[in-house]
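Subject: A structure for you to explore

Hello! I am passing on a structure that I hope you will enjoy looking through. Have it open while you read, and my notes will follow below.

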Amino acid sequence: MSEPKTPTPAGDTYKGWVFKWTNYIKGYQRRWFVLSNGLLSYYRTQAEMGHTCRGTINLATATITVDDACNFVISNGGAQTYHLKASCEVERQRWITALELAKAKAACMQAESDDSGDDFSTSSPPVAPGQGGGSQNSEVQSALRTLGSKVEDLSTCNDLISKHGSALQRSLSELDSLRLTGEAGDKVRQVTERATLFRITSNAMINACRDFLALAQAHSKRWQKALQAERDQRVRLEETLEQLAKQHNNLERAFRGAAQANATEDNKSSAGPGKGEASDEDDDNEFFDAVEEAPEFITVPADPHFHKRSSSNISGFNSEMCPDDQSLNEEPLVMNQESLSQDLIPLKKRRTRIPDKPNYSLNLWSIMKNCIGKELSKIPMPVNFNEPISMLQRLSEDLEYHELLDKASKCQSSLEQMCYVAAFSVSSYSTTVYRTGKPFNPLLGETYELDRRRESGYRSLCEQVSHHPPAAAHHAISDRGWTLRQEITVASKFRGKYLSIMPLGTIHAIFEKGNNHYTWKKVTTTVHNIIVGKLWIDQSGEIDVVNHTTGDRCHLKFAPYSYFSRDVARKVTGVVMDKDGKAHYVLSGTWDEKMEFSRVMQSSRGGENGTEGKQKTVYQTLKAREVWRRNPLPEGAETMYYFTALALTLNELEEGVAPTDSRRRPDQRLMEDGRWEEANSEKQRLEEKQRSVRREREREAASQRTSSQSEEAADEDSLTDPSIKSAPHDSYQALWFERCEDRITGEQIHIYKGGYWEAKDRGSWEGCPDIF
């Protein structure tokens, strides 16, 4: 390495090559350091000075210490620490001198800034390299003195104009009251003199105003340039941040390739903690991600006529033949997919568009100023984060691919039926891939009906049955022999860079034919890039779809996204097994595109070793057949919140729905129409109304408990009666659902008790609360 050049001063700017500690692998690396205006910045090369700064430390709050003849350390209290080494002791001393001088000046400027408060000098343009901070400050002070003197001139002229104007007015009044006598000439001369003085003073004021205006315009241009420079700097910082994110991604991919190339080499023991801070340079960082999980099983193609041959063992396998030989062909599971919709003729034309999403910028200050002095639970979140549908409508979107349940109801085999139910459980996530907006939180007692009985043979009802915690009950029934019900409570955790949303609750699907009863739960939804970057959504976790009638089971695994994974993104895999644990079908695909099934011809243990030395299961399967594919998005969906064809119709106004239906919610309707400011005001009004109703309900419940305890005070057993002590604080009861214990899961859930559709037929909604 060539000898570093001696640092060169340029005014208050100091530049030169210095060695900087990076990590134990690369040690000290040569970097180009620039000291200017109390800031010490460094770059890999001089060419990077115009676009990529690798790090900056403010000397005003930093400490400078000397290690030995050539080494010195700069730290600002732990957040940033630079371990530096000069080429010789003389060079080190030059840097120390320059750094101490720059630190003193920076501390002095910071003290002056603190003393002046909101002084105008804090808005002055940034000092360019090579210019002294003192000359810049004196120039601003001189401009302020000049402006102040002009303002004083204007004030003096204003006083004189007021004085002479009043005198002129009096003279004119006297002239008007005089008769035509000899004194008229004197009065006229007096008025003329005062008018002349008024004109002179006015001209002086006009000239002073002109000078003030010219001076203000001259400085205004400078301030505008300074403001534009700050804006440009912000844009450059944003672009730099985006570039860093891309470089981060590329480096992780490069690390993955290097890890694969060195897979055959012995692992080196990891080094201890780095000296000082970890290097913040892109090429000096070590990136780690979740280890790619090995697949739980392997599928290999089988001969379609395998079952016609003898069941001799294959080398290396302990084979088990599937017992259902009568189904070992490549025919579809049940019937042609188009046969179900041949006789369905839509009786009502549904809308295919909604108003385009306005391009409103999100003003964080407009949100924060509404939070001052308020409790966290009462802070109104703007509709900018929402999409114009409620959580009840989003829950109803699970029925977008109801055809899968229609086909499942006609299956002869419960194992075949399980394939369709499993595909249906995956299909509900296909609408989330682009949908980063948050649905409106339903008000307590809010309902939503989706009546597609004449078009698709089903109708569904959702109701918000609890507010703390928020819970929604859903019941759908089809004329084609299936019923779907669920109660979902959402829990969320903010983890800094991402938000995890965990739906709690069990989904039930019951089929009349065979009386098969299936249950499953939802996986975790993760929203990434909450703070910086473009939002994107991932689904991860495992689902067990269980047939409680036959004991059949399907285990689905949603693979989380990983930079290191060689599989396709958003991958889902699963195996359908009977009650004895024998595999009959393998499911594979992605939750945002399609799912396929393959008939298992033979299962065996062997092959590659999985994690922790366990052997993987190898399934020999027939050719995969498609069981579900996502419907394409409507034209122009990117301007309509990426809604699907079904989602576009969910908030369409319909006659005869309950007064608590989400379609009647005013803030949601205003947002859909593009009137977001009015929607924010209406949303705040509805939330406050809900709070006041809840407080009144709690007061009534407390009053009832007090009176009940007073009536039973004479009873000795009343003191230990658990029913009194555990009386609920909120006496709210759902209107269309009743709380009971589920006989399958043992959970306390809300089940539809009937009466809604009958009330709709009668047009009688007397029991519905006024929530809007």
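Predicted model: local features only at pLDDT ≥ 70, side-chain atom pairs only at ≥ 80, totals over all residues.

Let's begin with strand β2, which covers residues 13-23. Is this strand mostly buried or exposed? Of its 11 residues, 10 are buried.

β2 has two pairing partners to look for. With strand β3 (residues 27-36), β2 pairs in the antiparallel sense over nine bridges. Three residues lie between β2 and β3, and the two strands form a hairpin. To find your place there, look for Lys15, which stands opposite Val34 in β3. β2 also pairs in the antiparallel sense with strand β8 (residues 81-85), this time over two bridges. Here Lys20 of the chain has Leu84 in β8 as its bridge partner.

Now for the nonpolar cores. The largest one holds 63 residues, and those touching the most other members are Leu484, Trp520, Val545, Leu556, Phe558 and Leu587. Helix α7 (residues 414-427) supplies the largest share of this core, with nine residues. A second, separate core has 20 residues, including Phe72, Leu84, Ala86 and Trp95.

Leaving aside residues up to four places away in sequence, Leu587 touches several others, among them Cys419, Ala422, Leu556, Val572 and Phe597.

Happy exploring!

How values were computed: Residues numbered from 1 in each chain as written. Heavy atoms only, no water. Buried < 20%, exposed > 50% of the residue type's maximum accessible area, 1.4 Å probe, protein only. Helix = DSSP H or I, 4+ residues; strand = E, 2+ residues; numbered from the N terminus. Pairing = 2+ DSSP bridges. Core = buried A, V, L, I, M, F, W, Y, C linked by side-chain atoms within 4.5 Å. Contact = heavy atoms within 4.5 Å.
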